[in-house]
Amino acid sequence: MNNQLFYANLVLAFYLSSYHALAQTQNFNLPLKAVNLGNWLVIEGWMKPSLFDGIPNKDLLDGTQVQLMSTKLQKYLCAEKGGGSIVVANRTRAKGWETFRLWRVNETAFNFRVSSKQFVGLANQDEGNSLVADSDSPSDRETFEILRNDDEPNRVRIRASNGLFLQAISETAVVADYEGSSWDDNDPSVFKMNVLTGSIIRGEYQITNGYGPDKAPKIMQDHWNTYITEDDFKFMSENGLNGVRIPVGWWIAQDPTPPKPFVGGSLEMLDNAFTWAEKYGIKVIVDLHAAPGSQNGKPHSASRDGFLEWGDSYISDTVAAIDFLAQRYANRSGLVAIELMNEPQGVNLESLKSYYQAGYDAVRKHTSSAYVIMSNPLDRESKVLLSFAGAFNKVAIDVHYYNLFSDRFSNMNVQQNIDYIRKQRASDLSSLTTSDGPLIFVGEWSGDWKVEGASKESQQKFMQAQLQVYSGAKFGWAYWAYKCDSNSWSIKWMIENGYAKLS
């Protein structure tokens, strides 16, 4: 009898907790006025560049693109045909085939990836010490040490896995068999390395792999502990915000021992965020910002080298991450939505829809009350998901609006920017909004623009126009971001300094 009573109470407690979570999720007011907690659990280096200051050779991070010119021949190294063939030194100008993306092994050792996504390495032993770019995955034979000149860091010599240096003997003969140590221009083993600074990626992969397994865990833990705290949730609740969109990476599902170079600990921070959000009446959107393989090649997707790899072969792993998050947080009263992916770009639309279907099903296994958010592909028109998403229950489509990242905004003055918001943005939102279709969520927008030297009053008007228009999105909006070294990207700074008023 006692056992029966115990189990009856246990079942009752379960249903009561589930009902409480359901009630809490359903009894909130839309639209949300939210903010993105960017650069917290997924690093975006541009938002706080100093995070990378302690990395040795910090200009040679994963994904950095370099070009190598033989100082003797005055010609660039080139992966013939972009890969799958030999490496030569016969180009007077450097373009795609002459550009190599670094994969960092340690602070001085690297793999060189070419435009075909293959790796440069030593040829098979019976072919001598020549170089080829025909490997699909790097091994010791595809690993090279970059030695930099102390006085001129971009003057380099490159040592292969056989212990010998690369040399450009002729335009068609680049081999790893040199033992000299000169730095003179006429030395065939000396190269001038052109680092394409605009290509430097500063994301989660770069910071964790850059600091390495000994230092990265402390660097990341210190950042997590200080960048967003309970006081920030208190500030949000006191200043008119009622939601947060929290970017996370796929590796959080394997915390506390995620695949290298990622480090454990972000899951505990997300748990903390839910506790703080629930304390201050703030709703949480968990946003899978970085999908396995990278859904757009951008730093914020934790891409290793800027290539987009996500596709059908990554769907099951991506769904597994969503399933983990849904299961963990389904009964948390703070959960309002799970976003299946952030800003897909360049992915196959049918593959994306297949994933969205599977991701939706994964969420619904654990909760019928949380919304499922589907991000509109950046390279497609904003209506591309409308009919597809309309077949699901409690779904929102995420669109991102910036008066940036396009030449159309380059020469706009203050009033033209404001007019664009009030006309084009308002029209786009109106065309997406239907009585029985998915809700619309402006998941990212900002007070930044291309107007130089604008007055505070002009910036206030620009902010106010966006707030008024985006409030028409039925699910709500989320400002990018809460904190940032660049003031106009920080809603906290904008509120504290009178540029934005939300309450």
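When I say contact, I mean heavy atoms within 4.5 Å. This is a predicted model, so please keep the limits in mind: local features need pLDDT of at least 70, side-chain atom pairs count only at pLDDT 80 or more, and totals for chains, interfaces and linings use all residues. Residues are numbered from 1 along each chain as its sequence is written, and side-chain values use heavy atoms, with hydrogens and water left out.

Let me start with Asn111. Asn111 sits in strand β6; helices (H or I, at least four residues) and strands (E, at least two) are DSSP runs, numbered from the N terminus. Leaving out residues up to four places away in sequence, Asn111 touches Arg101, Leu102, Trp103, Val105, Phe119, Pro138, Ser139, Glu142 and Thr143. Is Asn111 buried or exposed? Asn111 is buried, at a relative accessible area of 4%. For the cut-offs, buried is under 20% relative accessible area, exposed is over 50%, and partly exposed is in between, with a 1.4 Å probe and protein chains only. One of the neighbours in that list, Glu142, has its backbone oxygen 2.9 Å from a polar atom of the Asn111 side chain.

Next, the salt bridges. The term covers a side-chain nitrogen of Lys or Arg within 4 Å of a carboxyl oxygen of Asp or Glu. How many salt bridges does the structure hold? The count is 25.

Arg113 is buried at 7% relative accessibility, whereas Glu309 is partly exposed at 28%.

Lys117 is partly exposed, with a relative accessible area of 27%.

Another pair is Glu145 and Arg159, with the closest N and O atoms 3.0 Å apart. Glu145 is in strand β9 (residues 144-148) and Arg159 in strand β10 (residues 155-159), 14 residues apart. Glu145 is partly exposed at 26%, and Arg159 is partly exposed at 27%. There is also a network of salt bridges linking Arg245, Asp287, Glu339, Asp398 and Glu444.

Now to Leu51. Where is Leu51 found? Leu51 is in the loop between β1 (32-36) and β2 (65-70). Leu51 counts as buried, at 11% relative accessibility. Setting aside neighbours within four places in sequence, Leu51 is in contact with Asn39, Ile43, Ile207, Tyr211 and His223. Ile440 is 389 residues from Leu51 in sequence, and the two are 35 Å apart in space, C-alpha to C-alpha.

Last, the cysteines. A disulfide is a covalent bond between the sulfur atoms of two cysteines. The cut-off here is a pair of cysteine sulfur atoms within 2.5 Å, and the structure holds zero disulfides. Cys78 is buried, with a relative accessible area of 0%, and Cys484 is buried at 11%.

Terms used
Polar contact = N/O pair within 3.5 Å; in protein donor to acceptor, adjacent residues only side chain to side chain.
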